Amino acid sequence: MTQLNIAFKINASKYLLCIGGKALHISTEDKIIEAAIELVYEKGYKGATTRAIAQRANVNEVTIFRHFGNKKGIVEAAIQKYAFVELLEDTFAEKVVWDIEKDLKMLVREYQALLDQKKTVILLALRESNEFAELNDMLKKVPQTYIEIITHYFEQMIERGKIKKADPYTLATNFAFINFGYFLSKTRILSEAEELSIEEFIDKNIAFFIQTLQ
């Protein structure tokens, strides 16, 4: 098993076993979803049979059919379980202080935290988006929502005279892609990328981005 597969498996288990620092009892459905995500990532959608998923989850294959109907039903349930982009909007509304440096650094940390929480299904979507339109839609929604939030933020900051006049959407798109690129570098998809902690990333990249706005 590769280093990325190991990290993927550990991340999936950590997400389902611990939320908010509290250990949780794993339901049968969660065990099946976890097993399915791991196997689809390792073997591809076609290679992850319901029998293999049942063995990985330590349940009877009939249990899968009873809870989800079929393999597609498991993946659809996983998409619903991991799709909580709206949390980013709520966090932004609560924490924005209309200071460009503080706000953008806050947005980086919150966005990276969201991506880390959704890492398992994002990596799955990158691999299997051709098989599932729902995965492709979810993958698009994460940066789209982020861009919408930041576009509106830049519009307000320009109106308040706190940053230079520029196209808010272009600024937001560049900012979002810088952030998503950093996330991909941490997943080892971009294996040639320099490893940076989030604070190093903020100091080396976001601080420079902020300077261009002032």
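The protein chain comprises 11 helices and two strands, where helices (H or I, at least four residues) and strands (E, at least two) are DSSP runs numbered from the N terminus. Along the sequence, these elements follow the pattern α-β-β-α-α-α-α-α-α-α-α-α-α. The model is predicted, so local features need pLDDT of at least 70 and side-chain atom pairs count only at pLDDT 80 or more, while totals for chains, interfaces and linings use all residues. Residues are numbered from 1 along each chain as its sequence is written, and side-chain values use heavy atoms, with hydrogens and water left out.

The predictor's confidence in each residue is expressed as pLDDT, from 0 to 100. Its mean for the protein chain is 79, and 79% of the residues reach 70 or more. Over residues 1–24, pLDDT stays under 50. Where pLDDT is low, the predicted coordinates should not be read in detail.

Of the 214 residues in the protein chain, 48% are buried; buried means under 20% relative accessible area, exposed over 50%, and partly exposed in between (1.4 Å probe, protein chains only). In soluble globular proteins, nonpolar side chains tend to be buried together. A nonpolar core is here a set of buried Ala, Val, Leu, Ile, Met, Phe, Trp, Tyr and Cys residues joined through side-chain atoms within 4.5 Å. The largest such core has 36 residues, and Ile-100, Leu-104, Phe-154 and Phe-175 have the most contacts inside it. Two or more of its residues come from each of α6 (86–95), α7 (100–117), α9 (133–159), α10 (168–186) and α11 (198–213). A second, separate core has 21 residues, among them Ile-33, Ile-53, Val-75 and Ile-79.

Contact means heavy atoms within 4.5 Å. Beyond its neighbours within four places in sequence, Phe-175 touches Leu-104, Leu-107, Val-108, Tyr-146, Ile-150, Ile-206 and Phe-209. Gln-112 lies in helix α7 and counts as buried because its relative accessibility is 1%.

Elsewhere, the axes of helix α2 (residues 28–43) and helix α8 (residues 119–128) come within 10 Å and cross at roughly 35°; axes are lines fitted to C-alpha atoms, for helices over the stretch in contact, and angles run from 0 to 180 degrees between N-to-C directions. In this contact, Ile-37, Val-40, Tyr-41, Glu-42 and Lys-43 of α2 meet Thr-120, Leu-123, Leu-124, Arg-127 and Glu-128 of α8.
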